Each structure stands twice: as structure tokens, then as C-alpha cells.
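Here is a short report on one protein model and the two ligands beside it. Keep the 3D view open as you read.

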Amino acid sequence: MKVLLINPTMGDYYRDAKVRAAITLSPPLNLALLAGALRRAGHAVEVWDEEAGTIPALERRIGEARPDLVGITFRTPLFPRAKAIAEAARRACPSALLVAGGVHPSTRPLDCVTLAPFDVAVRGEGDQTLVELADGRPFAEIGGLTWRDGETPSRALITDVDSLAMGAWDLFDLRRYRQTSLVAHTAPVADLEFSRGCRARCVYCTKGVFGDAWRAKSPERFVDEVEHARAAGFRAFNLVDDSFTTITSQAIATCEELIRRDVRMPWTLTNGIRVANVNEEFFRVARRAGCYLLAFGFESGSDEVLKRIKKGATVRQARRAVAWARKYGFTILGYFMVGLPGERRDTIRETAELAASLDLDFAKFSITMPLPGTPLYREWAPYIRDANYDFSIHRPDNGLYEHPDFTWPELEASAREAYRTFYGRPRYVLRQLRRSVERGQLLREARYTLALGATGLMTSFARR
Ligand code: B12
Ligand code: SF4
């Protein structure tokens with residue numbers, strides 16, 4: 001079959017982002033892997049990463065390409081955009097099979113076939129499912145599908161992840177992904193995965209695709225993939241695993257393989273690792289293997305809230321992990337959340353204070369969103385207004401849900417205050433500039449650091 005895979009643009013999503021400098025754009029790993037699997041099975045594949053596209057332009061292009069199957073990937077916030085693309089594809093090429101895949105179709109498959117014109121939604125890992133669809137097998141014989149008036153049982157998770165296809169990176173114009181940012185010292189940057197799944201059960205986390213079972217590649221296979229990415233033109237990589245260090249010894253073995261094969265590609269762990277699953281040895285070896293930046297999902301500065309959200313980690317572990325990472329010279333990002341269940345004003349303050357006291361390089365404070373498929377979504381069901389189904393923006397005026405304990409202005413003010421506490425410290429700006437000099441990155445990092453400091457201070461003035 002002739003297959004067209006589309007990644008909808010994140011367009012306006014990050015327009016209001018506080019720490020835009022920390023956002024990287026890489027070719028989508030999911031479409032690279034799916035395209036690799038399709039080609040391995042003998043199908044012809046084209047991929048469009050629609051970063052700067054308009055719907056009419058896309059419609060014209062689909063009309064010209066005349067694919068037999070159009071596959072669109074999307075996370076929940078991209079549902080409205082994916083729907084618009086599916087409508088354009090239907091108009092341009094009525095005979096094409098429209099397939100939805102990714103996190104949102106996995107958690108809310110019926111949305112795709114009832115609210116949008118998809119013929120079928122793929123639930124869970126798509127590596128085999130999409131090949132079977134392109135092979136033309138009937139829906140009823142393919143596991144993990146939902147269509148308008150039927151569905152098949154979910155498939156088992158893929159256990160032999162070494163058997164997955166290599167990314168079809170040649171289908172992407174890597175020059176489009178060049179950028180300067182704090183987290184990418186060199187470009188283009190490949191998103192790669194060593195493992196799938198995570199054993200933790202954080203209540204706000206979507207597990208609809210990779211689930212609770214952690215499955216890892218062998219170090220040898222993973223480093224083959226790194227070398228494959230380098231041969232395709234990438235100069236750095238970012239590990240997007242849910243939980244790279246689940247078995248710390250395996251993470252260390254992977255780093256050792258990178259060292260043994262002298263790969264020399266700088267890499268990051270921007271998706272975050274768990275503070276509960278690390279030891280000092282990991283940081284030592286990861287640094288030697290080329291990892292220069294990592295993030296931790298701290299979420300809260302309150303042990304009470306951490307327990308309530310089933311984080312399986314403590315503030316003490318957070319402090320210990322940061323001390324180790326700092327010792328080995330990592331740039332450290334912290335992810336925090338405000339408005340978590342069980343949160344009070346004082347626990348939000350504890351979160352802001354923890355962030356400021358941890359000596360992090362950057363911090364992001366997100367307002368909690370109850371995303372479909374999560375335990376939190378079920379818990380907050382009475383507060384969610386599905387009628388207004390648009391998760392595309394974290395703004396009070398999308399009317400998506402009422403927080404049980406805070407108003408939207410209060411949540412926004414809390415996040416602003418946390419940013420101010422973190423970035424508004426003149427000491428922070430001076431220290432970051434000093435660190436940039438030490439890392440030999442002053443020119444690259446100074447303008448971001450100054451901008452972040454100014455954002456923090458301005459937020460502070462604006463509120464007084
Ligand atoms: C990297 C990443 C990002 C990058 C995106 C990079 C990119 N180029 O796409 C950035 C940093 C931009 C990002 C942003 C956000 N992200 Co994010 N992100 C991830 C992360 C860590 C890895 C994604 C990835 O590459 N996975 C590996 C690929 C192979 O997995 P996959 O995409 O699921 O694909 C498989 C299947 O879904 C399926 N499939 C996928 N597409 C298709 C298409 C077809 C046609 C078919 C048949 C099958 C199919 O087959 C694939 C192979 O098995 C995931 C967590 C995770 N482990 O997946 C979170 C995750 C996707 N993100 C999440 C969230 C919440 C966000 C944000 C909302 C965060 C925020 N507060 O701003 C934003 C949303 C931005 C937006 N508008 O969509 C949630 C999604 C929740 C949801 N319900 O949608 C996840 C699952 C994390 C989590 N566990 O909660 N993210
Ligand atoms: S540790 Fe991360 S990936 Fe694992 S359940 Fe919690 S939020 Fe999700």
C-alpha cells in the first residue's frame with residue numbers, strides 16, 4: 001500500500017510557554033519507527049511533519065499524493081488539529097483509509113471514529129498493527145482496533161523490543177529541525193528510546209500505550225540505533241523513555257556500551273528520570289557516556305502530596321539525586337506540578353521552595369490537567385466538562401474542568417509565583433551565568449538565562 005503518515009503541528013500550543021527556550025523539536029520518533037516497520041514489510045511510505053503547514057495546503061498535497069492509507073499520530077492536546085487534518089484528508093482523498101494512532105486514540109478511541117472522520121483508531125503500540133492494516137487484513141482479524149461499530153481485544157505489549165524496526169530517518173528533512181536552545185547544544189537531535197513503559201503509578205500519568213510493564217532493549221541493539229541515527233545525520237540524541245533507570249544496572253550497562261563503542265554523541269534525558277531509581281554510579285557513568293543534561297520529575301515539594309499522587313519518591317530522594325547529578329556536572333531541569341490532588345496553598349509553597357533550594361538550572365511548573373485515561377481523570381470526573389472537548393491549551397477559558405480545591409486564577413497565580421520564586425532571584429541569574437562560563441557555554445546560554453531571569457522579575461513586578 002501507499003501510506004502517508006502525518007504528525008500534526010503543535011503550532012499555538014507553546015505560544016504562551018514560560019520556558020520556551022527549553023523546548024526542542026525533533027523528528028517524531030513514532031512516525032520514524034512506524035515508517036521503518038511499514039517499509040520492512042514492503043509498503044511505500046511518506047511522512048509529513050506538519051510543523052508549519054496550513055490545512056488548505058495539506059489538503060492540496062494529500063490530493064496530489066493520493067495515498068491508500070493516511071495515518072495521523074496525536075496526543076490529547078492535538079485532537080482538534082488531528083481532526084481538522086482528517087477532515088481535509090477525507091475531502092482530498094475519499095477512498096483512503098484514515099487511521100488514528102498515538103496516545104489519544106489509545107485512551108479515547110471512540111473520539112476518533114465518532115467526533116472525527118477516522119475509519120479506525122489503533123489502541124496501544126502500533127508497530128505491528130499498522131503493518132497489518134497496510135497489508136489489507138480485515139479489521140476483525142487485527143488486535144487493538146476500534147471502529148464505529150466494533151472493536152477487537154487489545155494486543156499484548158511487545159516484549160522483544162530489540163525486534164522493533166530502526167527509525168526511517170531518511171524520510172525527514174533534518175535541516176528543518178535545526179535550532180539553538182538551552183537543551184540542544186548541537187543539532188539535529190534524534191529522539192530515541194531504550195525502553196518502553198514504567199512501573200510507577202503516578203495518578204496523572206497516561207499509560208495507555210506502553211503500560212506498566214518495563215521492557216528494555218539490549219545495550220548492543222540500543223547503541224546500534226544510536227549509530228544508525230548518527231549515520232542518518234543526527235549529531236545528538238535525546239532519550240525519551242518513560243523511565244530509563246528503572247533497572248539502574250541496565251542503564252549503566254547501556255552507558256558503558258556507548259563508551260566501549262566510542263560513540264561520542266552528546267545526549268540528554270529531558271523526559272526525566274525518577275529520583276527513586278538512581279545511584280551515584282549511574283551519574284558517573286552517564287556523564288562519561290556523553291549525557292550532559294537530565295531532568296527529574298520531582299512534581300512536588302511535599303511528601304504528603306507525593307504520597308497522594310503515588311509518585312513512589314520522596315523529597316529526600318530528590319535532594320540526594322540532585323546532589324549526585326550536580327557532583328558530575330550535569331545541567332539539571334526540574335519538572336514540578338501545581339494543583340495536584342491533596343494540594344494546599346502551603347504545599348504549593350513547599351514546591352516552589354524546593355525548586356529554589358535544589359540548585360537546579362531550570363524549572364518548569366505545570367498546572368495539573370486530568371488527562372483522559374489517567375486515574376486522576378477518573379477521580380476528577382465530576383469536575384470535568386467533556387462537552388467542551390479541547391485539551392489544546394492549559395487556559396482557564398477553555399472551561400475544561402474545575403479544580404476541586406482551587407479556582408483557575410488561583411492556580412495560575414500559584415504557577416506564576418513559583419516561576420517568580422525560582423527565576424526571579426538575581427542570585428539565580430548570576431549563578432547561571434557563572435555556570436555557563438564554567439561549561440564554556442556562556443554565549444549560547446547567556447541570552448536564555450537573562451530572558452528567564454527577566455521573566456521571573458517581570459512576573460514579580462506585574463503582580464505587585
Ligand atoms: C517526547 C515527548 C514529548 C515531546 C514531543 C516530541 C515529538 N517530536 O513528538 C514534547 C516535549 C514536545 C512533548 C510535549 C507534550 N507532551 Co509529551 N511526551 C513525550 C514522550 C516522553 C515520548 C514520546 C515518544 O516519542 N514516545 C515513543 C513513541 C514510539 O511512542 P508513541 O508516540 O506513543 O507511539 C506509539 C503508539 O502510540 C503508536 N502510534 C503513535 N502514532 C501513531 C500513528 C498511527 C497512524 C498508528 C497506527 C499508531 C501510532 O505506535 C507507536 C509505536 O508503538 C511521551 C511519553 C512516552 N513514553 O511516549 C510523552 C507524552 C506523549 N506527552 C504527554 C504530555 C502530557 C505532553 C504535554 C501535554 C505536556 C505539557 N504539559 O505541555 C505536551 C503536549 C504537546 C502537544 N501539543 O501535543 C503525555 C500524553 C498524554 C496524552 N493523553 O496525550 C505522554 C504520554 C506522557 C505521559 N505519560 O503522560 N512531549
Ligand atoms: S514516573 Fe513518569 S512515566 Fe512513570 S508513572 Fe510516573 S509520571 Fe508516568
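Asp359 sits in the loop between α12 and β15 (362-367). Helices here are DSSP runs of H or I with at least four residues, strands are runs of E with at least two, and both are numbered from the N terminus. The phi of Asp359 is positive, about 65°, although Asp359 is not a glycine. Asp359 counts as partly exposed because its relative accessibility is 25%. Buried means under 20% relative accessible area, exposed means over 50%, and partly exposed lies in between (1.4 Å probe, protein chains only).

Asp262 also has a positive phi, near 50°, and is a residue other than glycine. Look for Asp262 in the loop between α8 (248-260) and β12 (267-273). Its relative accessibility is 42%, so Asp262 counts as partly exposed.

## How the model is described

This is a predicted model, in which local features need pLDDT of at least 70, side-chain atom pairs count only at pLDDT 80 or more, and totals for chains, interfaces and linings use all residues. Residues are numbered from 1 along each chain as its sequence is written, chains are lettered from A and ligands numbered from 1 in the order in which they are written, and side-chain values use heavy atoms, with hydrogens and water left out.

## A cis peptide bond

Which two residues does a cis peptide bond join? They are Ala187 and Pro188, with omega about -5°. Pro188 belongs to the loop between β7 (150-151) and β8 (189-192). Most peptide bonds are trans, and most residues other than glycine have a negative phi.

## The shell around ligand 1

Ligand 1 has 39 residues around it. A residue counts as near a molecule or strand if one of its heavy atoms lies within 4 Å of it. Thr73, Arg75, Thr76, Asp127 and Asp242 come nearest to ligand 1. The shell divides into 19 nonpolar, 12 polar and eight charged residues. In this scheme, Ala, Val, Leu, Ile, Met, Phe, Trp, Tyr, Cys and Pro are nonpolar, Asp, Glu, Lys and Arg are charged, and the others, Gly among them, are polar.

A polar side-chain atom of Arg75 is 2.8 Å from an oxygen atom of ligand 1. Thr76 uses a backbone N or O atom, 2.8 Å from an oxygen atom of ligand 1. Gly102 has a backbone N or O atom 3.4 Å from a nitrogen atom of ligand 1. Two or more residues of the shell come from each of α1 (29-40), β3 (69-73) and β4 (97-101). The most come from α1, with four residues.

## The shell around ligand 2

Around ligand 2 are Cys198, Ala200, Cys202, Tyr204, Cys205, Lys207, Asp242, Arg274 and Lys311. By class, this shell has five nonpolar, no polar and four charged residues.

## Cysteines

How many disulfides are there? A disulfide is a pair of cysteine sulfur atoms within 2.5 Å, and the count by this rule is zero. Cys255 is in no disulfide, and the nearest cysteine sulfur, that of Cys291, is 7.2 Å away. Cys255 counts as buried because its relative accessibility is 1%. Cys112 has 0% relative accessibility, so Cys112 is buried too.

## Two buried polar side chains

Asn7 lies in strand β1 (residues 2-7). Its relative accessibility is 12%, so Asn7 counts as buried. The Asn7 side chain makes a polar contact with the side chain of Asp49, at 2.9 Å. A polar contact is a pair of N or O atoms within 3.5 Å; within protein, one must be able to donate a hydrogen and the other to accept it, and residues adjacent in sequence count only if both atoms are side-chain atoms.

Ser106 is part of helix α4 (residues 103-107). Ser106 is buried because its relative accessible area is 11%. Its side chain reaches the backbone nitrogen of Gly124 at 2.9 Å.
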